[in-house]
Amino acid sequence: LMPLLVWATLVVIQLQLTLYFVFQERYKEEMFWNWPVVSKTILVLGMVLLSLIHWSVLAVGVRLEKLLPGWYWEVYMRPLNARQLVFPAMLGLSLILVTYILFKPRCTGLNLALIVGLGYLLQISFGLAEGQGYEYIRRKYTDSYHRTYANIAAADFINPLTVVREYEQRYGQQMFPSTKPPGVVLFYILLEDVVNTGSPEQTVEGRYLTLTRFMAIVFPLVAILVVVTIYSFTRQLVEPEQAIAPAILFIFIPSILLIPMFLDQVLYPLLFMWGVLLSWRVMKRRSLLLAFAAGIYIYIAVFFTFAMVPLLPFFALLVGLDYLMNYKNRRIAQPVSLFIVLGMGILITLISFRVFLNYDILLRYEIANRVVRNFDFVLRMGGTMTDVLATTAVRPGVGQILRAALLNNLEFAASVGFPVFLLFLWRAIATVARLVRRRATELDLALGALLLTFLALNAYGQMQGEAARLWMFWVPMV
């Protein structure tokens, strides 16, 4: 592949030089360098070029984990068969439904129902192509190490409150639960209780099978329901004709379709979007009551996954940017009071969980942070654990953080599609320009806060690799 890429690069350079010498007089014309036209041209060419490179890598079957140490995902080549005709059929159905939705943008309820239904069918189509239906979807989860949570739920006959109160003693030393707050295990145990209520005498294996079969049917639907929240948020920023586009795009994102059954896909994007929507309403209404509710919500969201921690800087950045753009008409006391009340909501919830549920979020985060960082920055890179790292988290240097950011963004871009990621970067540049010139719209405020939060997420250096799954909560914002 490398000789092919080098050859393609030389061809591009040769073409550029040829165009320069042939048309150099045109380049000197005053109106030739029209930045809006030039920037969009560069964007489209970049989208095409990166897509071609991406597909070439997939077609050739390059082992990226050898070229990029820390790369997690592998490419598997599957033989063609007649069952895979389901994909052209789904393509045709998608084109028909998307065309209808775009021509009828004001039929909001029907359009969202069509998007949810299409998103569900797109996920299930992979099971149909394998000739196994829902069983294929189920095994995407049960053949992974994350089946640990369903195993715990099926095997442990335990009071749900005990899960939280005794989390460190029961699950704190297990590989996957040790990286999570109690909300993940609690979620599976509560779900298992509901699913198996009608047949409590099953064996552990039977309970596990019933639970995972239920998940295979229901989880793909729950994962797509986030499009309703995506539309509710974007509808406040753009016209209805444009607001439906992000919801449509979401159901075609590769990582959403290819990594089903994980809470990263099923639940976390929904939790994140609820937090974003709530933060936006706090900023718009400048309501102390809503700020207090946002503090409670952020804590509870973090109780289910530490991936929701970015909601806190997003809230601060959103309110802060709103003040900076409108400081002549605002008093500094307004954002400060919102921050204080948000903190009160978090603090009261933290104390309540500590007193009544014996849950120490700081201790749990310290342990999870140590396990994740030591695995990503040491074991994943071929290093070995030491006695010191058994009790202390590695502190990555600037070089390691920059390398992790590059790897994570490459993996994330590949998982959402390079054209989509380039659109995100292109819009981010335009947003920064408007913020700097103090010409920001409400859309720019939202995107600016999200962009700065995303940059902070990269700079923190919490993880290295597997961003396609771990950053799925971020997909609605891209």
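Analyst: Helix H12 (residues 226-234) is mostly covered, since seven of its nine residues are buried. Buried means under 20% relative accessible area, exposed means over 50%, and partly exposed lies in between (1.4 Å probe, protein chains only). Helices (H or I, at least four residues) and strands (E, at least two) are DSSP runs, numbered from the N terminus. This is a predicted model, in which local features need pLDDT of at least 70 and side-chain atom pairs count only at pLDDT 80 or more, while totals for chains, interfaces and linings use all residues. Residues are numbered from 1 along each chain as its sequence is written, and side-chain values use heavy atoms, with hydrogens and water left out.

User: Which residues in H12 are buried?

Analyst: They are Val226, Val227, Thr229, Ile230, Tyr231, Phe233 and Thr234.

User: And what covers the buried residues of H12?

Analyst: The cover includes helix H5 (108-129), helix H11 (204-224), helix H13 (240-250), helix H16 (268-285) and helix H23 (442-460).

User: Stepping back, what does the secondary structure of the chain come to?

Analyst: The chain has 24 helices and zero strands. Its radius of gyration is 24 Å, close to the 23 Å that the globule rule gives for 478 residues, so the chain is as compact as a globular protein of that length. The radius is taken over C-alpha atoms, and the rule is 2.2 Å times the number of residues to the power 0.38. Along its principal axes, the C-alpha trace spans about 80 × 65 × 55 Å.

User: How much of the chain do buried residues make up?

Analyst: Buried residues make up 46% of the 478 residues. The chain exposes about 24,700 Å², and carbon and sulfur atoms supply 69% of that area. Accessible areas come from the Shrake-Rupley method with a 1.4 Å probe; for residues, only the protein chains shown count as cover.

User: Let us turn to charges. How many salt bridges does the structure hold?

Analyst: The structure holds 14 salt bridges. A salt bridge is a side-chain nitrogen of Lys or Arg within 4 Å of a carboxyl oxygen of Asp or Glu. One of them joins Arg364 and Glu168, at 2.5 Å from N to O. This pair links distant parts of the chain, with Arg364 in helix H20 (residues 361-379) and Glu168 in helix H9, 196 residues apart.

User: Are those two partners buried or exposed?

Analyst: Arg364 is buried, because its relative accessible area is 0%. Glu168 has 23% relative accessibility and therefore counts as partly exposed.

User: Which partner does Arg138 have in a salt bridge?

Analyst: Arg138 pairs with Glu135, and the closest N and O atoms are 2.9 Å apart. Both residues lie in helix H6 (residues 134-142), three residues apart, about one turn of the helix. An α-helix has 3.6 residues a turn, so residues three or four places apart point the same way. Arg138 counts as buried because its relative accessibility is 10%, whereas Glu135, at 29%, counts as partly exposed.

User: What about Arg427 and Asp444?

Analyst: Their side chains meet in a salt bridge (3.3 Å, N to O). Arg427 lies in helix H22 (residues 418-436) and Asp444 in helix H23, so the pair ties together parts that are 17 residues apart in sequence. Asp444 is buried, with a relative accessible area of 0%, and Arg427 is partly exposed at 22%.

User: Which residues are linked in a network of salt bridges?

Analyst: The network links Asp264, Asp376, Arg380, Glu466 and Arg469.

User: A change of topic: where is Thr179, and what is it in contact with?

Analyst: Thr179 sits in the loop between helix H9 (167-171) and helix H10 (183-195). Thr179 is buried, as its relative accessible area is 14%. Leaving aside neighbours within four places in sequence, Thr179 is in contact (heavy atoms within 4.5 Å) with Phe306, Arg364, Ala368, Val371 and Val372. Arg364 is also the salt-bridge partner of Glu168.

User: Finally, where is Met90, and what does it touch?

Analyst: Met90 is found in helix H4 (residues 86-103) and is buried, with a relative accessible area of 11%. Apart from neighbours within four places in sequence, Met90 is in contact with Leu118, Leu121, Leu122 and Ser125.
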